[in-house]
Amino acid sequence: MIARLFRGAPLTCVFLVVFWTAGALTGAIGDQNDELLARTGFGTGSPPWTVLSSVLWSMDLLGYVATTVLLLVFGPLAERAFGALRTAAIFLSSHVVGSFLGLGLVLIGRDVHWSWLESLVGEVAAGPSIGGVGMALALTFRMPPLWRRRVRLLTILSVLVLTLYSGWLEDLLRLSGGVAGLVIGALFLKSGPAGKPRSFQETRVLVALLLAASALGPVVAMMSPYPNGPLAWFADLVAVAQPSQEYVDEVCGADVVDVCRTMLIQLSYGRFPALVMSLLPALLLLVLAEGLRRGRQFAWWSALVCNVACTAFIGWYVVEAARIPDVGAWETAFSFGIPMLAPLAITVVLLVTRRHFTVRLPRQAVRKFWRFTAGSVALLSALYVFGGYLVRDQFTPEPGFAALLADLPTRFLPPGYLGLVPLQFSAEGFAGALLFEYTGVVFWLIVLAGLLMASWRTWPATCEEEAERARDLMRRHGGSSLSYMTTWRGNQYWFTPDGETAIAYRVVATIALTVGDPIGPARVEAVRGFAEFCAHNGWTPCLYSVGDETREVVEGLGWSAVQVAEDTVIELPELSFTGKKWQDVRTALNKAAKAGITAEWCAYADAPFAITDQIRSISAEWVADKGLPEMGFTLGGLEELTGDGVRCLLAVDGDRTVHGITSWLPVYADGEVVGWTLDFMRRRAHGFRGSMEFLIASAAQQLQAEGARFLSLSGAPLARLDRGERPRALQRVLDLTGQVLEPVYGFRSLFAFKAKFQPKYRPMFMAYPDSAALPRIANAVSRAYLPHLNARQGLRLATKMIIRTRGRVAAREHTG
């Protein structure tokens, strides 16, 4: 991997080696080396040549690590797009132009007596992150429109937040370096057609990022040990921190009794509850940002109310600050005016983009949330008041019942806001401190978790009428060998405007997983319309187990596809169990005849209890042997045996003992059954060993006689035929996953078993529009297949996978 990185990005790798070597040899890695920075850093009092020397050092260890990550992400991409020489030119140009631009701003600020910029006079800065940010933003001119907007917004907001809240010279130079990179990209790198207009979903993402940035800025200032930015004071409004011990001592020394008591109580909070409660406003905005990303209407209204309230509060603060005679015009206009403009601008953006946030929660979900919230408040309030009264001796001074009740509202306020209300007592003992400090923490964590769940969760709204419409389309138009699975319980349905094409899907962790190909004639329009429907609801579409035809359709729309299974099809008109290749199948048929075992068709719903009881027992025995729950999604269980049109074929002996069972799903075309798909397969552990071969061969013979065209043995997940093509990285990951899961579910063994029937192979694909969503898609697919996996079973599965992986590694090392 390192060798590949060196081949693909030699300039980036060489520079990082020089960068870290120079830092190690000069002792710059670790604590800030002021003497070294004074000689090599760039600032108002530095020689001009230091603009180049500053690129080889950084301010501290965090700067080295952050810069390395930045260059490793964007350096190889830039070298691939521009080549090494042009990348070096863009990097150095951004660094030099950005450094002098930032220095010019500092000098202008000094001349107009802006205290923030005046504080930067005489400071020095160093680090290649200045040119790195410029290179990243210049690179966006060669990115696809989707990633161009996201990278620009994230990068610009990041450096802007650092500048406004951290506010040191290196932060300002990074921002000016980014501006230089945008100018260079616009002048020299812009090419190709104009960018497409933002999609529905992309607008949501950008608005959510904007709100998140407004929340993270104050957190940066609060976490910074020495915030110097012009908006550093704004941290006290969003992320309210505890007062320092020195400030408390100063106030208490001035004999301000009420303020002193309040600050002492604020300071008495433990580190964790104080941190959580202090970050509550920021956490709330982040949760609302996630709701905006999902298009939730409640998040839009909540964000609008929060920003209007914040604008009004800052406006009142600005009016008060303007009365201070020592504060200059620039201070008042920027340091106090910009914080008011930020929530005001977000309010305007929210109003302009209101039509993008229309996804409403069902009434039952809203009622459930408010009942849960009100119940939490009541329970925690009762716990604090009654519990506090029982341990009232752990409070100073000792409160009565009425005093605890009066103090209850303050338990839900962050410590920094406690100065707004009078405080009467503090907690000292363990139980008292637990009630005093954690009542609000628990409540707000419950509320935030509830809001997140409301943003993520989907509420099925499919009615039986829609399911029946989908079944009718499936019978009329047919589809792939998996088309019958679209009628299984748990699926929802989306229809084209004319109602003639449907897509069956289920939403798992905000991923809309489809089952098989679209049903109907308009596949292209269906995929495009379904993608828009998912974007409106804040979901990511993923077409799972689709065939070659659908894959070609979605690739024409710019989607990606990867093979996830291999369908195995037996053509019945030309089927004949003759020749050496069919030896195993003929042997199973002959042994079954000698043992008196016959193949009998039945409908599971109409079968006698003596038969269905044996089937349930065989299935339970099979599941117990696996030690893990049955898989679902595209693999049916007992519940799916009762479907309309499903036929079961049993291997039964003379004593009416069931040795094995298979279920067959009908495949339609023009209203008629033209084929059958194998789904449910179970055999008795100590029964006839060749029961599966016998049942499949018997089904093939009998269905051939009925005039069926083909049998599908269904797709084996995570198994595929080697067609001699070089697999992509994601395909190799899926192949490895199939190998690791082999001892648990035996996908490859099943694939090898089906090869006995000399099938024709048809690849089945997973298609998706956004590669960035692959981790979430993988999580959704695994949860769809294992919906009932509990923690103990998950641990067992992980253990088996680890043992399997170690065994493979050990075997590879042993064989050299």
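**Close-up views of a predicted model**

**View 1. Helix α2 and the residue that follows.** In α2, the buried residues are T12, C13, F15, L16, F19, A22 and G23, where buried means under 20% relative accessible area, exposed over 50%, and partly exposed in between (1.4 Å probe, protein chains only). Helices (H or I, at least four residues) and strands (E, at least two) are DSSP runs, numbered from the N terminus. Helix α2 covers residues 10–26, and its 17 residues should span 24 Å at 1.5 Å a residue; the end C-alpha atoms are 24 Å apart, which agrees. The expected span used here is 1.5 Å times one less than the number of residues in the helix. After α2 comes G27, with a positive phi near 75 degrees.

A word on the model before we go on: this is a predicted model, in which local features need pLDDT of at least 70 and side-chain atom pairs count only at pLDDT 80 or more, while totals for chains, interfaces and linings use all residues. Residues are numbered from 1 along each chain as its sequence is written, and side-chain values use heavy atoms, with hydrogens and water left out.

**View 2. Helix α10 and its partner α9.** Let us start with α10 (residues 169–189): its 21 residues reach 28 Å from the first C-alpha to the last, close to the 30 Å expected at 1.5 Å a residue. Of these 21 residues, 15 are buried, so α10 is largely enclosed by the rest of the structure. Helix α9 (residues 145–166) packs with α10 at an angle of about 150 degrees, and their axes are 8 Å apart. Axes are lines fitted to C-alpha atoms, for helices over the stretch in contact, and angles run from 0 to 180 degrees between N-to-C directions. The two helices α9 and α10 are therefore roughly antiparallel to each other; angles under 35 degrees count as roughly parallel, over 145 as roughly antiparallel, 65 to 115 as roughly perpendicular and the rest as oblique. Their crossing is left-handed, a term for a near helix turned anticlockwise from the far one by less than a right angle, with right-handed for clockwise. On the α9 side, the contact is made by R152, I156, V159, L160, L162, T163 and S166, and on the α10 side by D171, L172, R174, L175 and L182. Contact means heavy atoms within 4.5 Å.

**View 3. Helices α23 and α24.** Here α23 (residues 523–537) packs with α24 (residues 548–556) at an angle of about 55 degrees, with the axes 10 Å apart. That makes α23 oblique to α24. The crossing of α23 past α24 is right-handed. To find the meeting point, look for R523, V524 and V527 in α23, which meet E549, T550, V553 and V554 in α24.

View 4. W582 sits in the loop between β9 and α25 (583–594) and is buried, with a relative accessible area of 9%. Leaving aside residues up to four places away in sequence, W582 touches L575, S576, F577, K756, F757 and Q758. Q758 is 176 residues from W582 along the chain, and their C-alpha atoms are separated by 8.1 Å. R355 belongs to the loop between α18 (329–352) and α19 (363–390), and is exposed, with a relative accessible area of 59%.

**View 5. Salt bridges.** The structure holds 20 salt bridges, each a side-chain nitrogen of Lys or Arg within 4 Å of a carboxyl oxygen of Asp or Glu. One of them joins R762 and E571, whose closest N and O atoms are 3.5 Å apart. R762 lies in strand β15 (residues 760–768) and E571 in strand β9 (residues 560–571), so this pair ties together parts that are 191 residues apart in sequence. R762 is partly exposed at 42% relative accessible area, and E571 is partly exposed at 23%. Another bridge links E706 and R647, with closest N and O atoms 3.1 Å apart. Because E706 lies in helix α27 (residues 691–706) and R647 in strand β11 (residues 647–652), the pair ties together parts that are 59 residues apart in sequence. E706 counts as partly exposed, at 49% relative accessibility. Salt bridges that share partners also join E468, R471, R475 and D644 into one network. The side chains of R110 and D111 meet in a salt bridge too (3.5 Å, N to O); R110 is partly exposed at 36%, whereas D111 is exposed at 53%.
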